[in-house]
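Welcome! Here is a short tour for anyone meeting this structure for the first time. Have the view ready and follow along.

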Amino acid sequence: MSNEPPGLRASHEDRDRVVDVLRVAAGDGRLSAEELDSRLESALSARTLGELAELTTDLPVTPAMKGRDLLVVEQHGGKYVRDGRWSVPARIELRTQLCRVTFDFSHAVTTSDVLRIETDMAHGKLVLVGSSDILIDTDGLNLTYSKLKLRSKKTADDPRLRIELVGTLVHAKVIEKRR
């Protein structure tokens with residue numbers, strides 16, 4: 001959030017992230033109960049990233065502000081989509097059935113050059129959207145009645161992001177799309 005223009009509109013995820021930071025700070029004794037209540041109210045009604053940034057400028061950078069190292073997606077049926085400007089963790093655990101999962105890396109913020117996606121997917125579809133500077137490694141996947149639809153391995157010599165897919169797919173499909 002710190003390297004984006006302060007006038008940019010805040011998302012629900014941006015507000016939630018600041019709320020988490022404020023709660024941790026209050027738990028550490030950095031904010032009184034009154035300060036916490038006031039800042040939480042301001043965070044939940046903030047319209048821009050600048051308004052959110054003002055609420056945490058006097059607090060130390062915590063792991064919650066840097067982004068989480070693990071994203072767990074546990075879903076039965078429906079769709080799960082991560083797109084736009086989102087912070088890519090170091091590891092994602094997918095435990096899904098009858099579900100379509102989409103991760104769009106086109107505008108994602110990556111803090112690491114390797115992302116490990118651990119899959120336990122049955123009767124579903126995993127769609128990875130990105131550019132040619134992303135390398136997808138599927139050597140760690142166990143496939144049962146499943147299909148991989150990946151682009152050719154022609155990527156830059158030094159990929160921006162290497163995605164390691166490991167785990168099991170049963171009656172599932174992995175599709176790579178490029179923008």
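Asp 133 counts as partly exposed, at 23% relative accessibility. Its side chain meets that of Arg 160 in a salt bridge, at 3.3 Å from N to O. Please keep in mind that this is a predicted model. The points below begin with this pair and then move on to other salt bridges, the sheet and the helices.

- Arg 160 is partly exposed, with a relative accessibility of 29%.
- Side chains of opposite charge can pair when their charged atoms come close.

**Other salt bridges**

- How many salt bridges are there? The count comes to 15.
- In one of them, the side chains of Arg 95 and Glu 93 meet at 2.4 Å, N to O.
- Are the two partners buried or exposed? Arg 95 is partly exposed at 33% relative accessibility, whereas Glu 93 is buried, its relative accessible area being 15%.
- Arg 162 and Glu 164 also join their side chains in a salt bridge, this time at 3.5 Å, N to O.
- Arg 162 has a relative accessible area of 28% and so counts as partly exposed; Glu 164 is partly exposed as well, at 21%.
- Salt bridges with shared partners tie residues into one network, and its members include Glu 93, Arg 95, Arg 162 and Glu 164.
- Also in that network are Glu 74, Arg 91, Arg 116, Glu 118 and Asp 137.

- Look next for an open sheet of five strands, which run in the order 2-5-8-12-10 with parallel pairing.
- Which strands stand at the edges? They are strand 2 (79-82) and strand 10 (147-149); each has a single partner strand, so one side of each lacks a neighbour in the sheet.
- From one strand to the next, the twist averages 10°.
- Strand 10 pairs with strand 12 (residues 173-178) in the parallel sense, over three bridges.
- In strand 12, Val 174 is the bridge partner of Leu 148.

**Arg 82 on strand 2**

- Arg 82 belongs to strand 2.
- Arg 82 is buried because its relative accessible area is 18%, and buried means under 20%.
- Apart from neighbours within four places in sequence, Arg 82 is in contact with Glu 13, Leu 71, Thr 102, Phe 103 and Asp 104.

**Helix 1 and its partner**

- Helix 1 (residues 12-27) has 16 residues, and it spans 23 Å from its first C-alpha to its last, close to the expected 22 Å.
- The buried residues of helix 1 are Asp 14, Arg 15, Arg 17, Val 18, Val 19, Val 21, Leu 22, Ala 25 and Ala 26.
- After helix 1 comes Gly 29, with a positive phi near 85°.
- Helix 1 packs with helix 2 (residues 33-45) at an angle of about 175°, and their axes are 9 Å apart.
- That angle makes the two helices roughly antiparallel.
- Where they meet, helix 1 brings Arg 15, Val 18, Val 19, Leu 22, Arg 23 and Ala 26. Helix 2 brings Leu 36, Arg 39, Leu 40, Ala 43 and Leu 44.

Technical notes: Residues are numbered from 1 along each chain as its sequence is written. This is a predicted model: local features need pLDDT of at least 70, side-chain atom pairs count only at pLDDT 80 or more; totals for chains, interfaces and linings use all residues. Side-chain values use heavy atoms; hydrogens and water are left out. Two strands pair if DSSP finds at least two bridges between them. Helices (H or I, at least four residues) and strands (E, at least two) are DSSP runs, numbered from the N terminus. Axes are lines fitted to C-alpha atoms, for helices over the stretch in contact, and angles run from 0 to 180 degrees between N-to-C directions. The expected span of a helix is 1.5 Å times one less than its number of residues. Buried means under 20% relative accessible area, exposed over 50%, partly exposed in between (1.4 Å probe, protein chains only). A salt bridge is a side-chain nitrogen of Lys or Arg within 4 Å of a carboxyl oxygen of Asp or Glu. Angles under 35 degrees count as roughly parallel, over 145 as roughly antiparallel, 65 to 115 as roughly perpendicular and the rest as oblique. Contact means heavy atoms within 4.5 Å.
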